[in-house]
Amino acid sequence: MKIGIFISGTGTNMAAICRNFAENRLEGVDEISFVLSDKRNAPGLEKAAAFGIKTIVLPKKKDEPKEDYESRLLQEVRPFGTSLIVLAGFMKVLGHTFLSGYDGRIINIHPSLLPSFKGVDAQGQAFDYGVKVSGCTVHFVDETLDGGPIILQQPVPRLEGDTKETFKARILEQEHILLSKAVSIVCMGKYSISGRFVTLF
Ligand code: GRF
């Protein structure tokens with residue numbers, strides 16, 4: 001299966017996928033067709049290029065309506081014919097225009113155990129709340145914020161002595177593992193989906 005990856009920032013999750021692919025450890029994936037960033041200066045772009053992957057930069061214009069931006073995203077992405085798009089730290093919430101126009105699956109990695117701590121800085125939200133456990137979630141994307149059906153989750157305990165930064169770093173380590181696992185599951189079709197329930201086999 002051909003996949004595309006959307007990023008906005010450092011791109012370590014994207015790089016983990018690319019590394020696994022380069023080392024033949026990403027079952028079900030035949031090609032990483034592109035890495036697209038909505039931020040011109042995203043450090044992840046250089047990482048993608050170092051893996052020899054085509055990079056695309058497509059920022060939203062100032063005051064551009066969301067629908068118009070998503071139409072441009074669709075136009076950019078459609079010619080690649082990817083069956084899966086992976087949101088790996090892509091900081092925009094995709095809406096109806098993109099989701100209804102894209103003829104494939106979209107998955108997202110979120111750094112908390114959903115449905116707790118949706119939105120930005122989920123690790124900081126969890127830390128400040130005083131949780132004993134948080135973690136990460138890979139889910140299908142629908143029109144709700146971090147709300148689509150859950151594919152995989154990995155708990156990460158908050159350890160005595162953790163700072164926000166160390167907690168975040170240990171969650172990120174697990175994200176790198178979890179996201180590639182989910183990509184393989186989806187690309188190999190090793191799941192079924194019924195309403196909110198994703199069954200893995
Ligand atoms: C990750 O924590 C991801 O879960 C969140 O944003 C961060 C992106 O990190 N959505 P990176 O760009 O993959 O390094």
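Two strands count as paired if DSSP finds at least two bridges between them. I keep that in mind for everything below, and also that this is a predicted model.

**The sheet.** I looked up the strand order and got S3-S2-S1-S4-S5-S6-S7, an open sheet of seven strands with mixed pairing. The edges are S3 (55-57) and S7 (150-157), each of which pairs on one side only. From one strand to the next the twist averages 20°.

**Around S4.** Next I checked the neighbours of S4. Strand S1 (residues 2-7) pairs with S4 in the parallel sense, over four bridges. Ile3 has Leu84 as its bridge partner in S4. Strand S5 (residues 105-110) also runs parallel to S4, and four bridges join them. There I found Val86 standing opposite Ile107 of S5.

Which way do the residues of S4 point? Leu84 and Val86 go one way, Ile85 and Leu87 the other, and all are buried.

I then followed the chain onward: S4, helix H4 (residues 96-101) and S5 form a β-α-β unit, and it is right-handed.

**The helices.** For H1 (residues 12-22) I listed the buried residues, among them Met14, Ile17 and Cys18. Their cover includes S1, S4, S5 and helix H6 (164-187). Just past H1, I noted a positive phi of about 55° at Asn24.

Helix H3 (residues 66-77) lies across S1, S2, S3 and S4, and I read its angle to S2 as about 155°. H6 packs on the sheet too, touching S1, S4, S5, S6 (133-140) and S7, with its direction at about 160° to that of S7.

Technical notes:
Residues numbered from 1 in each chain as written. Predicted model: local features only at pLDDT ≥ 70, side-chain atom pairs only at ≥ 80, totals over all residues. Heavy atoms only, no water. Buried < 20%, exposed > 50% of the residue type's maximum accessible area, 1.4 Å probe, protein only. Helix = DSSP H or I, 4+ residues; strand = E, 2+ residues; numbered from the N terminus. Right-handed = clockwise from strand over helix to strand, strands pointing away. Contact = heavy atoms within 4.5 Å. Axes fitted to C-alpha atoms, helices over the stretch in contact; angles between N-to-C directions.
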